[in-house]
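Take a first look at the model below. The paragraphs that follow walk through its fold, its surface and its charged pairs.

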Amino acid sequence: MALVPSQVLRVAILLSYCSILCNYKAIEMPSHQTYGGSWKFLTFIDLVIQAVFFGICVLTDLSSLLTRGSGNQEQERQLKKLISLRDWMLAVLAFPVGIFVVTVFWIIYAYDREMIYPKLLDNFIPGWLNHGML
């Protein structure tokens, strides 16, 4: 059974989110030492939600590839539960939070960059990583 391009794309997206998370956690910022750490930033929370969502997508794809044609009712029932979890996570968390974060960030960024992303942060977070996190 060959992988479909959408499944390969989901694996690539998951790997990119995981690499961005690793790079983000490796950055030493003064705000990471305060209450809440990086979890107080909605962009970081969104990044974690997206990484978990794409992890579930990859797990669903792998499960469907492995259980296809097996005829095992229990495996098919578990796969349906996993698919419903994936769909719920997209509808309730990943899509709404992702759209909200991107929209609000760029509106505020266009209005006043210093208010949401001061130029001082360019020394800590490179531009490519900032755009990758959104």
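What share of the contacts in the protein chain with a separation of 6 or more comes from residues 24 or more positions apart? The share is 66%. A contact here means heavy atoms within 4.5 Å.

A word on the source. This is a predicted model, in which local features need pLDDT of at least 70 and side-chain atom pairs count only at pLDDT 80 or more, while totals for chains, interfaces and linings use all residues. Residues are numbered from 1 along each chain as its sequence is written, and side-chain values use heavy atoms, with hydrogens and water left out.

Now the fold. The protein chain has five helices and zero strands. Both kinds of element are DSSP runs, numbered from the N terminus: helices are H or I with at least four residues, strands are E with at least two. Read from the N terminus, the order is α-α-α-α-α. The radius of gyration is 18 Å, well over the 14 Å that the globule rule gives for 134 residues, so the protein chain is more spread out than a compact globule. That radius is taken over C-alpha atoms, and the rule is 2.2 Å times the number of residues to the power 0.38. Along the principal axes, the C-alpha trace spans about 60 × 30 × 25 Å.

Next, the surface. Of the 134 residues, 32% are buried. Buried means under 20% relative accessible area, exposed means over 50%, and partly exposed lies in between (1.4 Å probe, protein chains only). The accessible surface comes to about 8500 Å², and carbon and sulfur atoms hold 69% of it. Areas come from the Shrake-Rupley method with a 1.4 Å probe.

Last, the charged pairs. Four salt bridges turn up in a search of the whole structure. Each is a side-chain nitrogen of Lys or Arg within 4 Å of a carboxyl oxygen of Asp or Glu.

One of them joins R10 and D61, at 2.9 Å from N to O. R10 sits in helix α1 (residues 5–26) and D61 in helix α2 (residues 42–67), so the pair ties together parts 51 residues apart in sequence. R10 is partly exposed, at 23% relative accessible area. D61 is buried, at 8%.

Another links D87 with R86, whose closest N and O atoms are 3.3 Å apart. D87 is partly exposed at 40%, whereas R86 is buried at 17%. D122 and R113 also meet in a salt bridge, at 2.7 Å from N to O. D122 is partly exposed, at 36%.
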